[in-house]
Amino acid sequence: MQIWMNIVLVIQLVSALAMIGLVLVQHGKGADMGASFGSGSAGSLFGASGSANFLSRSTAVLASVFFVCTLALAYMSNTRALAPAEAQGSSVLERAAPAASEPAAPAQIPGAIAPPAPVPASPAAAGSAAIPAN
C-alpha cells in the first residue's frame, strides 16, 4: 500500500509542476488586444490559434490527473488510518480519552534541585479557626 501511495504522490507532483508550467506559458484573454493596436507581436510558439487549443486541453488533462491523484491519496490515507482505529474505537476522541485521564509525570532534569514537599496543615492551625472569639 505504501508503494502505491508513493507512486500516486509522484504522479501528482509531476502533474502539478507541469500544470504550473503550462499555465505560465499561456496567454491571457486580453493579451491579443495590445497586439491589434501595434504595441506587441501577435506571434506565438505554437501558432496563432493552435496554442490555445493545445495548451488548454493539456492543462485540463493535467488538472484531471491532479484531481484524481488527490482523491486517490485521500482514499488510501483514510483506509490506512481506519485499520488500527477499528480495534480501539471509531473516533479520535474515543482513542484519546484513556490517554488524557492518565496524569503526566513531571520531567526530571539532571542536576536540578527538587521542589520542596508540601507542608501538611497542623491540627492546631485548623482548630484555632474553629474557636469562636469571646
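1. Contact means heavy atoms within 4.5 Å. Leaving aside neighbours within four places in sequence, Gln12 is in contact with Phe66, Cys69, Thr70 and Leu73.

2. A note on the source. This is a predicted model, in which local features need pLDDT of at least 70, side-chain atom pairs count only at pLDDT 80 or more, and totals for chains, interfaces and linings use all residues. Residues are numbered from 1 along each chain as its sequence is written, and side-chain values use heavy atoms, with hydrogens and water left out.

3. The protein chain has 5 helices and 0 strands. Helices (H or I, at least four residues) and strands (E, at least two) are DSSP runs, numbered from the N terminus. Along the sequence the pattern reads α-α-α-α-α.

4. Gln12 sits in helix α1. Is Gln12 buried or exposed? Gln12 counts as buried because its relative accessibility is 12%. Buried means under 20% relative accessible area, exposed over 50%, partly exposed in between (1.4 Å probe, protein chains only). Buried residues make up 13% of the 134 residues in the protein chain.

5. Which residues form the largest nonpolar core? They are Met5, Val8, Cys69, Leu73 and Met76. Such a core is a set of buried Ala, Val, Leu, Ile, Met, Phe, Trp, Tyr and Cys residues joined through side-chain atoms within 4.5 Å. α3 gives the most, with 3 residues.

6. Leu73 touches Met5, Val8, Leu9 and Gln12, not counting residues up to four places away in sequence.
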